[in-house]
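Colleague: Could you walk me through this model, one step at a time?

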Number of protein chains: 4
Amino acid sequence: MNDLQPEALIAAYRAVRAHTEALAAPLSAEDAGAQSMPDASPAKWHLAHTTWFFETFVLERFEPGFAPHAPAFRVLFNSYYNAVGDKHPRPQRGLLTRPSLDEVRAYRAAVDGRMAALMPRLPHDALQLVELGLHHEQQHQELLLTDVLHLFSCNPLKPAYRAADRRLSAPASPLQWVPVDEAVVQIGHGGPGFAFDNETPRHAVFLQRYEIASRLVTNAEYAGFIEAGGYREPALWLSDGWDWVRAQSREHPLYWQRVSNDGWQAFGLAGLQDLQAHEPVLHLSYYEADAYARWAGARLPTEGEWEHAAATCSELRQLTSHAWQWTSSAYLPYPGFSASAGAVGEYNGKFMVNQMVLRGGSLATPPTHLRNSYRNFFPAHACWQFSGMRLAR
Amino acid sequence: MNDLQPEALIAAYRAVRAHTEALAAPLSAEDAGAQSMPDASPAKWHLAHTTWFFETFVLERFEPGFAPHAPAFRVLFNSYYNAVGDKHPRPQRGLLTRPSLDEVRAYRAAVDGRMAALMPRLPHDALQLVELGLHHEQQHQELLLTDVLHLFSCNPLKPAYRAADRRLSAPASPLQWVPVDEAVVQIGHGGPGFAFDNETPRHAVFLQRYEIASRLVTNAEYAGFIEAGGYREPALWLSDGWDWVRAQSREHPLYWQRVSNDGWQAFGLAGLQDLQAHEPVLHLSYYEADAYARWAGARLPTEGEWEHAAATCSELRQLTSHAWQWTSSAYLPYPGFSASAGAVGEYNGKFMVNQMVLRGGSLATPPTHLRNSYRNFFPAHACWQFSGMRLAR
Amino acid sequence: MNDLQPEALIAAYRAVRAHTEALAAPLSAEDAGAQSMPDASPAKWHLAHTTWFFETFVLERFEPGFAPHAPAFRVLFNSYYNAVGDKHPRPQRGLLTRPSLDEVRAYRAAVDGRMAALMPRLPHDALQLVELGLHHEQQHQELLLTDVLHLFSCNPLKPAYRAADRRLSAPASPLQWVPVDEAVVQIGHGGPGFAFDNETPRHAVFLQRYEIASRLVTNAEYAGFIEAGGYREPALWLSDGWDWVRAQSREHPLYWQRVSNDGWQAFGLAGLQDLQAHEPVLHLSYYEADAYARWAGARLPTEGEWEHAAATCSELRQLTSHAWQWTSSAYLPYPGFSASAGAVGEYNGKFMVNQMVLRGGSLATPPTHLRNSYRNFFPAHACWQFSGMRLAR
Amino acid sequence: MNDLQPEALIAAYRAVRAHTEALAAPLSAEDAGAQSMPDASPAKWHLAHTTWFFETFVLERFEPGFAPHAPAFRVLFNSYYNAVGDKHPRPQRGLLTRPSLDEVRAYRAAVDGRMAALMPRLPHDALQLVELGLHHEQQHQELLLTDVLHLFSCNPLKPAYRAADRRLSAPASPLQWVPVDEAVVQIGHGGPGFAFDNETPRHAVFLQRYEIASRLVTNAEYAGFIEAGGYREPALWLSDGWDWVRAQSREHPLYWQRVSNDGWQAFGLAGLQDLQAHEPVLHLSYYEADAYARWAGARLPTEGEWEHAAATCSELRQLTSHAWQWTSSAYLPYPGFSASAGAVGEYNGKFMVNQMVLRGGSLATPPTHLRNSYRNFFPAHACWQFSGMRLAR
């Protein structure tokens with residue numbers, strides 16, 4: 001993190017901020033204001049919160065004569081930083097019909113103007129916060145899409161966020177098991193570029209010999225699990241997973257719906273579409289991924305196995321292009337982990353319990369946001385993300 | 001209901017429909033789309049549902065060659081009519097970002113056009129349904145305001161729906177107790193004009209001698225109850241009411257907030273304002289009204305007492321101008337009550353349990369919607385309506 | 001209440017107290033300690049609470065040199081008297097494994113001894129409290145049975161509380177509609193004997209002409225409602241009732257289970273038994289009684305209609321012998337009602353909201369506890385009492 | 001597990017079974033029947049379920065002409081084995097007043113008699129199941145005590161399960177930090193004796209250099225955390241932990257109560273006692289242990305660190321004598337883990353998500369049940385076990 005080029009960072013700032021607005025462009029003010037569940041946030045809130053981040057952690061500390069754009073926004077758009085002060089209750093983000101989407105866009109423009117003026121003069125540690133803010137915003141770019149998808153899925157009109165993607169009709173490559181030898185290996189971020197604090201320090205882990213799948217599990221393969229009665233056989237499931245299946249009456253992944261005895265449709269950013277058999281399965285909970293793996297006579301890789309293989313096995317495909325991949329690792333601090341100082345130290349560390357790690361990246365992840373050492377994390381029941389699976393054994 | 005003048009009804013149709021749109025005019029699309037609690041509905045939903053009512057109960061039955069404006073709206077904007085078919089889940093009305101507010105306005109315009117073409121040719125029983133639809137829409141006009149008020153109350157910015165009303169500075173008139181003699185009296189709707197089915201049949205009830213207050217309880221009087229510890233003394237409360245006070249940590253009416261040791265502010269359609277001591281107290285639950293009455297050595301009137309007094313005692317003031325008035329009567333069918341035939345029979349009758357009757361009318365009730373025989377009803381804990389109280393003894 | 005004979009009261013005290021113990025005799029200490037739901041209480045708690053009533057309201061006020069049997073019992077066995085002080089949380093009554101059943105019996109014996117010594121010397125107002133305590137205990141005798149029945153119903157072993165009753169094999173008499181003329185009549189308790197405060201004052205009500213059924217609705221008649229699809233037709237139900245049916249997946253009364261396409265069994269105090277077609281149906285909620293009446297083209301009587309008919313129509317049968325009968329009246333204060341002074345004033349008045357009145361009496365009601373003016377009350381969803389129905393129209 | 005001596009096992013059977021009954025001996029039938037929360041079970045249920053284990057997994061499979069002691073018990077006393085069939089709902093275990101405690105004791109005696117007759121003739125794999133059943137019963141011995149403690153804690157009478165222990169008045173030894181060098185080490189069970197499947201296979205892990213505390217954190221040290229405002233400072237807590245603190249209004253460990261400004265009492269098996277400053281702190285949740293460690297500038301050890309230190313560092317004290325010790329490791333399968341075949345494979349593996357590992361043993365753990373490789377596990381919020389903490393850094 002010590003080779004920041006101010007010019008490159010300023011260009012990245014412009015690009016990232018513009019991309020967020022491009023993602024929100026297809027949404028009406030109504031679309032951007034609604035919140036479909038407490039775990040999700042309105043698009044307008046994502047637009048504002050990412051701006052609040054720069055205002056709070058950069059402008060407030062480094063801009064001479066700082067005055068807030070709107071004092072109330074300090075509370076309204078604080079997500080979870082206790083050190084910053086009060087927060088608007090998360091489940092009520094959808095009730096903030098004021099400020100309007102236009103006012104939030106004006107907020108973005110104003111902060112962008114002030115950032116543009118300030119960035120050329122920022123000290124190095126402030127530039128690090130700018131860089132953190134950009135990666136933070138990229139995370140919210142993906143969340144904006146998954147949250148909009150969930151919102152639209154609740155609407156019987158099943159609106160499409162965008163036109164259908166062209167789909168590859170080529171069959172999936174045959175699954176190959178890539179062997180990896182036993183070794184003490186290094187994982188975690190150790191390089192010069194950006195990483196979140198939770199990816200550090202780079203450290204040794206001992207890995208036993210294992211094999212990892214060359215590609216992700218497909219829709220067709222997962223449909224086979226369903227047809228084989230996978231959702232009705234408790235022996236395949238973790239106890240919490242089985243409770244989840246029954247409490248939610250789950251019979252298939254979120255967003256799937258059976259259209260006849262023969263087929264499935266799935267709801268996605270392009271609306272309701274026929275399920276593409278050869279595409280990687282999406283929107284699995286950890287419970288579903290774990291049950292499928294057990295049924296398939298395999299298991300999920302640990303995050304150490306995943307990262308080591310990703311770094312060393314050139315045969316692996318679909319690493320970051322389609323779906324985040326559930327690992328069998330709980331989200332815990334690395335040996336020697338120390339959270340960043342100050343309020344930004346709340347970014348990652350305080351969530352290190354009751355969650356599982358996902359690795360890779362998805363169709364919705366900005367390419368410049370991807371890293372082999374990246375640790376994504378969600379609770380085991382979460383399935384509104386673009387989450388799939390790669391097998392190991 | 002047998003003296004309907006088609007021309008008058010057509011004029012009323014135009015006026016009522018235009019008034020709804022005028023009420024929604026100050027709202028942005030975002031304001032109109034949000035739902036602050038399951039009991040409330042978005043303004044956009046009110047705009048659409050009242051239109052659905054005419055489309056479903058008039059156009060669908062009487063328009064030659066009827067085709068729905070949009071088939072999906074039949075489900076989306078059905079409130080609770082089981083005989084009509086499926087309903088979108090009530091708590092998810094705020095997630096319907098599509099159709100947009102503009103599309104709902106277009107829906108209104110389209111139905112209005114078709115109704116304008118059809119109304120001159122409608123048979124008498126269809127005109128009765130039109131009249132019912134107008135009274136239905138007037139109910140939603142009031143709900144639109146109470147629901148917007150609740151939504152805005154959830155926003156820390158405390159937006160105002162409209163500019164502050166001029167307030168009368170005159171002190172409230174002294175409370176007078178108006179005596180009414182024991183008698184068998186008639187209550188319920190018996191006249192030629194419109195009434196809901198729940199106001200009928202007109203029937204005899206025996207009333208013992210009673211006294212009823214000439215005006216409503218004021219904010220200053222209710223503040224006295226608070227200062228005397230009313231919210232901390234279980235002996236003043238019904239058992240369910242005391243449970244409600246403790247579960248909700250209630251210490252004052254909804255929308256009040258203490259600004260200092262000396263004073264209160266209250267949130268209303270004009271935003272946060274100093275409490276007007278002489279104005280009638282608003283936003284009471286039945287539990288609060290009942291507890292206040294007990295503290296004051298009085299009681300709430302029955303709905304029979306209220307209606308008889310309203311019809312015969314010229315001294316009574318503030319009958320319909322400020323607040324709906326909780327009565328001590330549960331909402332039950334009148335002797336000989338029979339619900340209207342068909343799906344509109346679900347309008348009132350099926351709610352006749354677990355609710356209390358309010359009488360009068362409020363600052364938000366359209367004047368042409370008022371009647372002495374009108375029976376409003378809400379659960380005992382409801383307080384987001386413009387609900388106050390008049391004492392009896 | 002002003003003709004109390006001390007000797008008769010002392011004899012009644014002995015008889016009522018002994019009857020409670022006889023009712024508990026078939027129960028093991030384990031049976032007597034368990035609580036199957038928050039609405040129910042353990043038999044041990046009933047044994048103790050009825051004793052607490054005499055200790056708190058009689059001994060503590062009238063016994064010279066009073067000292068409590070055990071200070072902790074003041075809190076443990078207070079049901080809901082805020083004026084007496086703290087209460088053990090109702091849902092945790094089943095966790096009071098100490099004091100033991102033997103200790104509670106010793107508590108009863110000790111209080112009985114002190115009462116026996118004190119009663120001959122008590123002033124008249126104290127004797128009234130003794131009488132109240134006996135009627136209070138008789139209420140708990142019925143609750144003890146309904147609560148044990150519910151507890152046993154939760155046990156897959158389906159234990160019987162007692163041996164099967166002999167059943168009458170005679171068919172039910174044909175239902176006759178007994179006409180009653182329109183009149184202003186008097187209802188409520190006005191006589192010299194005991195009544196609860198909620199039965200007073202006696203007062204006039206106006207009744208329109210009505211007809212009332214000569215007997216209760218039978219199991220066979222109710223089974224006809226089930227077979228006709230009554231639990232699947234929303235038009236028959238109040239809105240809250242339909243929500244209750246769906247939320248609880250109700251398809252028949254509590255304690256019924258279908259044994260084949262042809263028949264039903266019902267769980268009762270004698271265990272699981274074949275349903276007796278001609279016996280009155282039991283364990284209905286208000287929602288079920290109301291829905292059945294609508295299906296049958298009839299309605300439930302008001303409590304005024306019930307009481308007036310019970311007092312004047314000799315043809316009525318099964319008034320108090322089988323099941324409490326839901327009325328269409330909400331439980332509200334009579335005109336001029338005033339709760340008793342002191343803590344015993346909490347007995348009835350504070351529950352006058354959100355409940356419906358039942359009239360009559362059941363197979364589990366002590367005969368000396370029955371009165372035409374008696375007002376029993378439960379929430380509309382309650383069905384673990386011996387609650388049935390009599391039609392009116 | 002391949003050196004089982006039948007004679008030794010038969011002797012162990014007698015001893016373990018007798019010890020369970022000795023633990024239950026101080027309990028009345030009422031004490032033994034109550035269930036204070038869904039996570040806990042009645043003592044009677046523990047007595048029956050441990051017997052069910054032998055009946056189901058040994059007698060049913062190996063006893064010639066097997067017939068169940070009581071067919072209903074197969075369902076009533078199945079805890080969570082889906083492969084065995086239906087289960088009585090866990091939250092309703094306290095409603096099983098039948099079978100009685102005496103009948104459960106007779107069930108134990110009957111199964112013990114049949115086991116005594118059968119054991120000398122059992123094949124080796126059956127003996128392994130017997131051994132598993134004994135370790136299973138030892139787990140329930142500890143749970144019986146923690147569940148009784150929780151039940152008694154809910155009783156305002158605060159009954160004592162047993163007389164007070166003699167307490168050592170000696171101050172705790174000074175905390176020493178024991179250093180351990182970086183290494184690839186082996187953890188997990190590899191020896192010839194018994195272990196649960198979740199302790200296997202023994203495998204290599206890489207440990208960085210660390211230091212581990214020579215003794216457990218004391219009550220006095222934990223009280224210091226409280227006095228320093230530990231429960232009011234969100235920066236010390238995991239996000240889920242802080243939510244737990246606020247939702248539960250936690251200000252101190254479960255079972256502590258402040259008796260004055262100067263001191264604390266704690267409820268334990270000997271009733272309410274003054275807190276012993278030098279004893280290890282008990283009844284911590286993972287959230288509390290983690291927050292304390294952060295406040296103390298340390299952390300919790302991983303389970304690998306704990307096991308390796310326990311096996312190699314002779315300075316460590318209080319390893320198994322006082323409290324289970326929360327580790328920072330999530331409960332996950334070891335590399336190469338494979339659940340046992342058949343229904344007993346549900347014993348451990350299906351719980352491997354959303355729980356944290358505790359190591360060591362407590363004052364309530366049978367000494368023959370202790371192993372360095374033992375993996376205890378509970379959700380992060382659990383605190384009714386004898387759970388404390390040992391620091392690392």
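Modeller: Happy to! This is a predicted model, where local features need pLDDT of at least 70, side-chain atom pairs count only at pLDDT 80 or more, and totals for chains, interfaces and linings use all residues. Residues are numbered from 1 along each chain as written, chains are lettered from A and ligands numbered from 1 in the order written, and side-chain values use heavy atoms, without hydrogens and water.

Colleague: Are B:Tyr286 and B:Trp326 buried or exposed?

Modeller: Buried means under 20% relative accessible area, exposed over 50%, and partly exposed in between (1.4 Å probe, protein chains only). By that rule, B:Tyr286 and B:Trp326 are both buried.

Colleague: How are the rings of C:Phe77 and C:Tyr107 arranged?

Modeller: Rings of Phe, Tyr and Trp (its six-membered ring) pair if their centres lie within 6.5 Å; planes under 30 degrees apart are stacked, over 60 edge-to-face, the rest tilted. The centres of C:Phe77 and C:Tyr107 are 6.4 Å apart with planes at 25°, so this pair is stacked.

Colleague: Which residue has its charged end over the ring of A:Trp45?

Modeller: A charge sits over a ring if NZ of Lys or CZ of Arg is within 6 Å of the ring centre and within 35 degrees of the ring normal. Here the charged end lies 3.6 Å from the ring centre of A:Trp45, and belongs to A:Arg93.

Colleague: What kind of axis relates chains A and B?

Modeller: Copies are superposed by least squares on C-alpha atoms of residues with pLDDT of at least 70 in both. A rotation of 180° with 0.0 Å of shift along its axis places chain A on chain B, at RMSD 0.0 Å. The two copies are therefore related as by a two-fold rotation axis.
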